[in-house]
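Welcome, and please take a moment to look over the model below.

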Amino acid sequence: MNKKTEDEIERLLDNLSEALGIEYTMIIHYPRLVNILKDKETRELASKLGTDSLRHVDIVAKTIKELGREPNWSFEPFPDEIDFVRIFQEQLRSEELALKLHRQNAAIAPSLSLRETFRNVANDEENHIEIVRNILSRLTQHATSY
Ligand SMILES: [Fe+2]
């Protein structure tokens, strides 16, 4: 393997580890979030983020293993205070970061099929950004019903 390829694999692995932390945190928190959200449509939108994260975690963890590293299963703690607007603002930043990471992954992955895989994951993240924006606008429009 030449130096450039080695560096790219290292960078890919770092990106994947960071993405794993983001997606794993979402998986751990979304059942509780969905449980305490009162509005049905907002719950469904949050559920979609959770189920997509499950799929992404599988893809990311499998790729980390195939590239020779052990996935690090760590997640951020659930917020002490339930402030949905703050929680989803934070989620928006996570989705934006995931999009950036997966776009880079799609550019540097060592095979065409992995590039395609991460292009698709990046497309999901674009969709998640829209979903989270939608949730945030619902939260601010119907502030009292949450
Ligand atoms: Fe996402």
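In this predicted model, buried residues account for 27% of the 146 residues in the protein. The fold has four helices and zero strands, and reading along the sequence gives the pattern α-α-α-α.

How does the radius of gyration of the protein agree with that of a compact globule? For 146 residues, a compact globule would come out near 15 Å, and the protein has 16 Å, so the two agree. The C-alpha trace spans about 60 × 25 × 20 Å along the principal axes. Of the contacts between residues at least 6 apart in sequence, 77% join residues at least 24 apart.

Now for the helix pair. The axes of α1 (residues 3-36) and α3 (residues 84-108) come within 10 Å and cross at roughly 155°. Angles over 145 degrees count as roughly antiparallel, which means that α1 is roughly antiparallel to α3. The crossing of α1 past α3 is left-handed.

Which residues of α1 and α3 make the contact? The table sets them out by helix.

| Helix | Residues in the contact |
|---|---|
| α1 | E8, R11, L12, N15, L16, E18, A19 and I22 |
| α3 | S94, L97, A98, L101, H102, Q104, N105 and I108 |

Sorted by class, the contact of α1 with α3 has eight nonpolar, five polar and three charged residues. Among the residues to look for on your screen are L12 and L16 of α1, together with L97 and L101 of α3.

Methods:
Residues numbered from 1 in each chain as written. Predicted model: local features only at pLDDT ≥ 70, side-chain atom pairs only at ≥ 80, totals over all residues. Axes fitted to C-alpha atoms, helices over the stretch in contact; angles between N-to-C directions. Helix = DSSP H or I, 4+ residues; strand = E, 2+ residues; numbered from the N terminus. Parallel < 35°, antiparallel > 145°, perpendicular 65-115°, else oblique. Left-handed = near helix turned anticlockwise from the far one by under 90°. Contact = placed C-beta atoms within 7 Å. Nonpolar A, V, L, I, M, F, W, Y, C, P; charged D, E, K, R; others polar. Rg over C-alpha atoms; globule rule 2.2 N^0.38 Å. Buried ≥ 20, exposed ≤ 12 C-beta atoms within 10 Å, placed from the backbone.
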